[in-house]
Structure formats: C-alpha cells, structure tokens
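I open this notebook to record what I looked up in the structure shown below.

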Amino acid sequence: MKKVLLILTVLFALNSYSQKKKVAVVSFYTDKTIDLSELGLNGLAAIADLGNNPNFNLSPILEKYHNAFFNDYAKKFPFDLLPETEVTQKPEYIAFTPKFAREGGESGTIINYPGYKYIYEGMNGSANEVASAQMFKDTADGVLFTEIHFAVVKGFAVGGTGTIKMKAYARIALYDKTGKKVFAFSEGANSKKTGTIVGGVPVLSLDKVLPMCESALEELLKDLDEKVEKLVKKADKL
C-alpha cells in the first residue's frame, strides 16, 4: 500500500511539473500612425490625415497577424495561452479602464482585434501591467501584450529622390502575475515592395501604403516563424 501511495505521489508530482504555465493575452492591436522618424518627418500633416482616414484599413493585416500568432507561434511558446473568450469576456476585463486609454475607430488610429481593448504597455505603463496581471492572477501565471506597427525606412535615394520601404514591427511583452516584466522584444522586417520619395518627401497615398504594409507583414511573419521560439526562451522565468 505504501508503495502504491509513493508511486501515485511521484506521478502526481511529475504531472504537475510537466504542465505548462498559462498566460492571458490582454492586448492585441495595431496603430494606423506611420512612423516617419527615420526621415525626420513625423510632423508631416499628410501622414496624420492618413492615420485618421477610415479607408486606411489595417484590420485584415491585424487579422493575419492574429491568425499566425495563435495558430502558429503559440505552439512554440513554452506556455499555454488562455482561450481568448476567457479574457475578452471576463467582466473585470470589460469594465477595466486602462491608463493612457486611446480610442480606435474613425476618430482614432488604434485598431484593436475584436474583443480586446487598448492597454498601453511599456515605459511608464506599470499601472496597466500590474492591473492586468492582478486581473488574471487566479487563472494565469502571466499576461502578454502584443502589437504591430509600421514605419517608413529609407531605400535608395539620391538628392532626396529615390525609393522607400515599409518596415513592420511586432512587439511581444510578457509579465508575471505580479506585473513584473519577464521579457519584451520587438522584431522588424522590411517590405519587398517599395515606394518613392521625391524632394525628401515620401509619396504615401493610400493605394501605395497598404500594399507596402501587407508586404512588410508577410516578411515579418516569416521572420517570426523562424525566431519566435528563441525569442521567448526567457519565459522559463515566469
């Protein structure tokens, strides 16, 4: 009888040890604001207009990232993700008003994946990180924030005339159940499609920008597919 109890105890311990930890994805969005800092043109009014243009629709691009994240990359994580409905339908999550809240839709530049809300994470974001972690401390060992955003980068130009490319970035940040950062990284990739820059000003009409964003995301997804397992290796500190 003692041997049986000992075996059961060992099996229970091994099973508990082998179980993956659980993480709640609490923020999943993109930003329609195109970063022009590499060109020194972040104040250009035309870009702000593009960011607020309802026809500049990044939702299909966000959908593509979402599918890759949950269907492909999640399998490489050393932890399991809570079902999205357990996060987005949690009453406390629905009622939560994050610090630095920003509205999406036609009057803003943030596009949240359906069900999620914009929760700022990063510099001076500890209030949101701790609150989010505390919200799910009974069901998850940590919380994860992710976003994609875009920036124009220089291609080949002479005298202010030439080509530009779009760069897509993905940020993935993990915090433990106390709100302490486990890891945070940004991975970027340039589009294969190019645009033009004339007189030092990029030509960023809607019909030019969207294909470049799509192309940049394609390259980013390939990059992440190869690197994400290595990038999240610090998750064993969760």
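**Entries on the fold and the surface**

Along the sequence I read the pattern α-β-α-α-β-α-α-β-α-β-β-β-β-α.

I note that this is a predicted model, in which local features need pLDDT of at least 70 and side-chain atom pairs count only at pLDDT 80 or more, while totals for chains, interfaces and linings use all residues. Residues are numbered from 1 along each chain as its sequence is written, and side-chain values use heavy atoms, with hydrogens and water left out.

I then turned to strand pairing, for which DSSP must find at least two bridges between two strands. Strand β1 (residues 21-31) runs parallel to strand β4 (residues 142-158), and 7 bridges join them. Opposite V25 I found L144 in β4. β4 also pairs with β5, in the antiparallel sense, over 15 bridges. There, V153 has K165 in β5 as its bridge partner.

Next I checked burial (buried: under 20% relative accessible area; exposed: over 50%; partly exposed in between; 1.4 Å probe, protein chains only). Of the 238 residues of the chain, 44% count as buried.

Where does K180 lie? I located K180 in the loop between β5 (161-176) and β6 (181-198). K180 is exposed, because its relative accessible area is 57%.

Terms used: Helices (H or I, at least four residues) and strands (E, at least two) are DSSP runs, numbered from the N terminus.
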